[in-house]
Structures are given as C-alpha cells and as structure tokens.
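Work through the two exercises below with the sequence and the model open beside you, and try each task before reading its solution.

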Amino acid sequence: MSEIIYTLEGGTYFNITNKCPCNCAFCIRSKGEAVGDAKRLWHDVEPTLDDIKNAVDNYDFSNVEEVIFCGYGEPTNAYDNLIATAKYLKEIKPSLKLRLNTNGLSDLINEKETAKEICSVIDIVSISLNDPTSEKYDKITRNIFPGKAFDAMIKFTKECVKYCDNVVMSVVDVISKDDIEKSRQICEECGAKFRVRSFAKGR
C-alpha cells in the first residue's frame with residue numbers, strides 16, 4: 001500500500017499523484033521506492049479525492065504548521081484533487097500553511113490558466129526553474145512539451161507572483177555555478193524568491 005501523506009526531515013508532504021510530464025535527470029524518485037518515513041510512494045492506482053480525504057482525516061496534524069504538496073509526481077497533474085484537498089485542509093485546520101512544489105507546467109498539463117485559482121488556496125508556490133534556457137531546461141527535465149515548457153513555466157511564475165505573496169523559484173545544485181547565477185537573474189525578473197536545492201539531500 002502506497003502512502004499519501006508522509007514526513008521528510010520534519011516536513012509533512014502530500015503524495016497525491018505519480019503522474020508527471022517530466023522525467024528529470026536528477027529526480028528523487030529515481031533513487032528508490034520512497035523517501036522520508038514512507039515505505040512506498042508509488043501508487044498502484046491513482047488516489048481519489050475520497051482516498052486523500054480519508055488520509056487527512058486519519059492523520060494527526062496537531063504539531064504540523066505546514067503541508068507541502070510534493071510526492072512522487074507533479075501535484076498539478078491531479079489538479080482538481082489538489083484544489084479540493086487544499087480547500088478541505090483550510091476548512092478543517094485554517095492555521096495550516098499550504099505549500100505547492102511544482103514544475104510550473106500546470107497550464108500546459110490542464111490546458112487552461114491555473115495560477116489564480118492555485119494561489120487562492122495555496123500560501124506558498126515553489127516552482128522548479130531547473131535551468132536558465134529553454135534548450136537546457138528541456139534537456140535536464142526531459143519533459144513532454146519540448147520547446148514550450150520553459151516559456152510556460154516562466155509565464156506561470158509571473159502569474160503566481162500577481163496572486164501570491166510567497167513565490168519561490170528553485171534550481172538543483174547539479175547545474176553549473178554560471179547557470180545558477182543566470183537562473184537567479186531570471187527569478188528576479190519574474191519577481192520571485194530564489195532557492196538552490198541540494199541534490200544530495202533530495203529536496
């Protein structure tokens with residue numbers, strides 16, 4: 001049985017889908033069956049909203065301040081469940097901060113603009129910039145939207161900045177220092193905060 005809610009380094013994570021339009025060269029899910037306290041994060045069947053709500057109802061949130069939508073898939077690939085779960089969490093525990101870790105390709109995945117609705121229920125949006133050019137981005141993410149993904153991710157980020165006070169763009173420290181600096185500049189142009197993630201730590 002795979003897990004929908006798990007913890008990693010003190011954080012509480014929601015693994016609501018295994019679907020993803022990317023196959024990133026550095027992806028943590030290529031390392032094994034699970035991370036953190038989870039035994040298995042690969043779903044045999046994609047979780048329904050009822051499955052997710054059941055996991056929420058049976059989880060002890062008493063010492064949890066933040067929930068992060070990030071598992072072995074891209075959360076916006078389960079867009080309706082993401083929005084519904086965020087709303088449900090806000091209803092039952094309004095004090096929770098909700099964070100979305102995303103590749104920023106939601107608009108392409110769902111074939112509509114999604115930033116405004118996402119930001120209406122999510123407090124922090126963290127977007128994987130990954131690399132500073134479309135060509136390098138496609139190469140490292142191996143996404144299913146080559147030639148379109150990078151620009152869509154940038155557009156999504158700028159839209160999120162309009163509607164959310166806390167938007168972060170991140171890269172993993174597997175790219176060169178020069179590309180990290182170029183990525184930082186892109187992030188500043190988008191109006192987001194910048195973060196360099198550690199590949200060794202898997203976060």
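**Exercise 1.** Which elements do the buried residues of α7 pack against?

This is a predicted model, in which local features need pLDDT of at least 70 and side-chain atom pairs count only at pLDDT 80 or more, while totals for chains, interfaces and linings use all residues. Residues are numbered from 1 along each chain as its sequence is written, and side-chain values use heavy atoms, with hydrogens and water left out.

*Solution.* Begin with the helix itself: α7 covers residues 177-190, where helices are DSSP runs of H or I with at least four residues, strands are runs of E with at least two, and both are numbered from the N terminus. Next, find its buried residues (under 20% relative accessible area; exposed is over 50%, partly exposed in between, with a 1.4 Å probe and protein chains only); they are Asp-179, Ile-180, Ser-183, Ile-186, Cys-187 and Cys-190. Because they cover an arc of only 120° around the axis (taken from the directions from the helix axis to the C-beta atoms), they lie on the same side of α7. Finally, look for contacts (heavy atoms within 4.5 Å): the buried residues pack against α5 (134-141), α6 (149-163), β6 (167-172) and β7 (193-197). The face turned away from this buried side carries the exposed Lys-177, Glu-188 and Glu-189.

**Exercise 2.** Over which ring does the charged end of Lys-53 sit?

*Solution.* Apply the criterion (NZ of Lys or CZ of Arg within 6 Å of the ring centre and within 35 degrees of the ring normal). The charged end of Lys-53 sits over the ring of Tyr-88, at 4.9 Å from its centre.

How values were computed: Expected span 1.5 Å × (residues − 1).
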